[in-house]
Amino acid sequence: MNGTGLREIPQGQRETDGSGTMEKMCCYDLHSHSSASDGTLDPASLVEKAHAAGVAVLALTDHDTLDGLAEAAQAVLGLDLSLIPGVEISVTWQAMTIHVLGLNVEPDNQVLSDGLQELQKVRDWRAGEIGRKLADKGIAAALEGAGRFRKGKILSRTHFAHFLVEAGYAASVRDVFKRFLVKGKPGYVRSEWVSMQRALGWIRQAGGLPVIAHPARYRLTRSKLKRLVGEFREAGGVGLEVVSGSHSRDETLHMAAVCREHRLFASCGSDYHGPEKPWVELGRLRRLPDGCIPIWEADSWPPTLAV
Ligand code: AMP
Ligand code: MN
Ligand code: MN
Ligand code: MN
C-alpha cells in the first residue's frame, strides 16, 4: 500500500494479503477488444495472451458486436480461464457518446443482436461521412484504406487511424486522433448511437449486467456525472468501471467514491486493444479500492473458476 488505498499489480504477478483478496482482484480483466471490433488480436490469440498474463476471468467486450465471442469460447476450452461474454455499446446521452458494457450477455440473444445491427448501420453511415470529410481535405480513399484494416463487420475510427498513420499523415494513432478524428477536427463526424434506455434494455434482455465503461474519460462535471449515474440506475444499470486502463489513480479513487455513494457494483478492466501502444497490458490493473463491491459478487454473476 502507498497511502492512497491503491496498489499497482504487475502483469501476471499474483499477490496476496493473507485473506486472498488481492490475488482474486488482480486476476479479473473485464474489458477487452479483439479484431471483431477495433482490437488487433483475433479472439483466440487474445484469450491465449490473457491466460499467459495470469488473467483468470476475462470479458471480451467488443464495440457493438458479439461476433468474436464464439471463437473466444472455443479458445478457453481446456484452459484455466473463464470467459465472460460481453459487449461495449455506443450510447448517445445528452449529445455525448457514452460507452456501456454489457457483462455476461447471452451471445446469441436475438434482441441484443438486432439492436447491435442498428449500431453497425450507424457506423457504416458514419464511415462514409468520415471518408467524404477527409476527401474534402485532400485525403483520398480513406474509407477504402480504413476498410483494409478491418477484420470483422465493425468499422471504427481506429481503422481510419491506422490508415492515416500508414499513409503518413501522422506519426502515431494517438497523434492521428488528436489531429483528425476528434470533435473540431477535419475527420470528425457526430453520430446518433442508441439511447441509454434502449441499450440497457438490450443488455438486460440478454441476461447481462450493464456497467458504465471508463467513466472518468467523459470529463463530466460533478452534477452531470450524478445525472448520468442517476439515469443509468433508473434504466437498470448496476455497475461502474472503477479501475480502468485509462483511469489515473485519482480518477479511480473518485469513481470508487461515486460507486459507493450510488450503491453500484465496481468493475475493473484494461480496455486492451492489442500489443501496440498506447494500450495497457491485459490484467495489468490496480486492485479495487476498499469499500467497493466487485461486480463478480452480484447475484447473477456466473460461476467462474476459483481464482
Ligand atoms: P469509434 O467507436 O469508432 O468512435 O472509435 C472509438 C475508439 O477509438 C475507442 O474505442 C478507442 O479504441 C479509440 N480511441 C479513441 N480515442 C483515442 C485516442 N486518443 N488514441 C487512441 N485510440 C483512441
Ligand atoms: Mn476501441
Ligand atoms: Mn470505450
Ligand atoms: Mn473498450
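Two helices, α6 (157-166) and α7 (173-181), each bring at least two residues to the shell around ligand 1. Of the elements involved, α7 gives the most, with three residues. Keep in mind as you look around that this is a predicted model.

**Around ligand 1**
- The residues to look for around ligand 1 are Asp38, His63, Ser90, Ser156, Arg157, Thr158, Val173, Arg174, Phe177 and His273.
- By class, this shell has two nonpolar, five polar and three charged residues.
- Both domains take part: domain 1 (21-112 + 193-297) and domain 2 (118-181) each provide at least three residues of the shell around ligand 1.

**The two domains**
- The protein is divided into domain 1, covering 21-112 + 193-297, and domain 2, covering 118-181.
- Between the C-alpha centres of domain 1 and domain 2 there are 25 Å.
- Where the domains meet, 12 residues of domain 1 are in contact with 13 residues of domain 2.
- On the domain 1 side that touches domain 2, you will find four nonpolar, five polar and three charged residues.

**A helix pair: α2 and α3**
- Helix α2 (residues 43-52) packs with helix α3 (residues 69-76) at an angle of about 40 degrees, and their axes are 8 Å apart.
- The two helices, α2 and α3, are therefore oblique to each other.
- Their crossing is right-handed.

Notes
Residues numbered from 1 in each chain as written. Chains lettered and ligands numbered in written order. Predicted model: local features only at pLDDT ≥ 70, side-chain atom pairs only at ≥ 80, totals over all residues. Near = placed C-beta within 6 Å. Helix = DSSP H or I, 4+ residues; strand = E, 2+ residues; numbered from the N terminus. Nonpolar A, V, L, I, M, F, W, Y, C, P; charged D, E, K, R; others polar. Domains from an automatic or database assignment. Contact = placed C-beta atoms within 7 Å. Axes fitted to C-alpha atoms, helices over the stretch in contact; angles between N-to-C directions. Parallel < 35°, antiparallel > 145°, perpendicular 65-115°, else oblique. Left-handed = near helix turned anticlockwise from the far one by under 90°.
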